[in-house]
Structure formats: structure tokens, C-alpha cells
Amino acid sequence: MPEDPTLGEVMRRLEDVRADLKEDFRELGTRLDSKVSMERYSLEQQARDEALRQIVERVKAIESARDQEDRDRREAEQKAADRRAADRRILFSALIAPVLMLLLTLYLSAQGATA
């Protein structure tokens with residue numbers, strides 16, 4: 001028949017259980033202290049979302065400014081090309097056309113003089 005534990009042995013076992021429980025509670029308290037509350041977590045998440053939204057807005061603004069600069073540059077290049085074409089037309093009508101008319105007149109006069 002098994003022997004019943006003595007009162008001293010029961011006390012030692014209870015003290016061991018008590019010490020184990022104290023250690024477990026201390027460890028649990030340490031783990032809980034390292035956890036973040038849901039309120040703080042949600043505030044940090046909102047701050048992170050707001051920062052991300054601001055970054056996205058800045059990127060969009062930069063992209064739209066870059067697109068506008070590209071459009072302005074292309075428009076300026078087109079205006080410069082149009083201006084060069086207009087200058088060539090003016091040059092033709094102001095210089096080359098009168099010279100050709102003069103040569104044609106001289107040729108016709110020379111043909112009429114020989115006839």
C-alpha cells in the first residue's frame with residue numbers, strides 16, 4: 001500500500017507549486033508589458049496610413065508636374081518649328097520670289113528682243 005506523504009513533503013510540494021506559479025505570473029506580466037494596446041496599435045496604423053497617403057499625393061503631384069512640363073516643352077518645340085516654317089515662307093516670298101521674277105522678266109525680254 002502506498003505511503004501517504006508527510007506534512008513536510010506536502011508543504012515542500014506546495015512551495016514548489018507556489019514558486020512555479022510566481023515565476024509563471026512574473027513571466028506572463030513581462031510578456032503582457034511588451035505587448036501593445038489595441039488603441040495604440042490603431043493610432044500607429046492611422047499615422048502610417050496618413051503618411052502613406054501624403055506620400056502618394058506628393059508622388060501624384062510630382063508626376064502631374066512632370067507631365068505638364070513635358071506638354072509645355074512639346075508645345076514650345078512645335079511653336080519653334082512653326083516659327084521656322086513661317087520664316088522660310090517669308091524668306092521665299094521676300095527674297096527668292098522677286099529674284100525669280102526678275103530672272104523671268106530678263107529672260108522674256110531677251111526672247112522678245114531676239115524675235
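Is Asp24 buried, partly exposed or exposed, and what is its relative accessible area? Asp24 is partly exposed, at 45% relative accessible area; buried means under 20%, exposed over 50%, and partly exposed in between, with a 1.4 Å probe and protein chains only.

Some background. This is a predicted model, where local features need pLDDT of at least 70 and side-chain atom pairs count only at pLDDT 80 or more, while totals for chains, interfaces and linings use all residues. Residues are numbered from 1 along each chain as its sequence is written, and side-chain values use heavy atoms, with hydrogens and water left out.

The protein chain has two helices and zero strands (DSSP runs numbered from the N terminus: H or I of at least four residues for helices, E of at least two for strands). Its radius of gyration is 48 Å, well over the 13 Å that the globule rule gives for 115 residues, so the chain is more spread out than a compact globule. That radius is taken over C-alpha atoms, and the rule is 2.2 Å times the number of residues to the power 0.38. The C-alpha atoms fill a box of roughly 160 × 30 × 15 Å along the principal axes. Of the 115 residues, 0% count as buried.

Back to Asp24, which lies in helix H1, residues 7–34. In helix H2, residues 38–114, we find Arg89. Arg89 is exposed, with a relative accessible area of 55%.

Lastly, charge: the mean positions of the 21 positive and 24 negative charges are 11 Å apart. Lys and Arg count as positive, Asp and Glu as negative, without His and the chain ends; the charge is placed at NZ of Lys, CZ of Arg, CG of Asp or CD of Glu.
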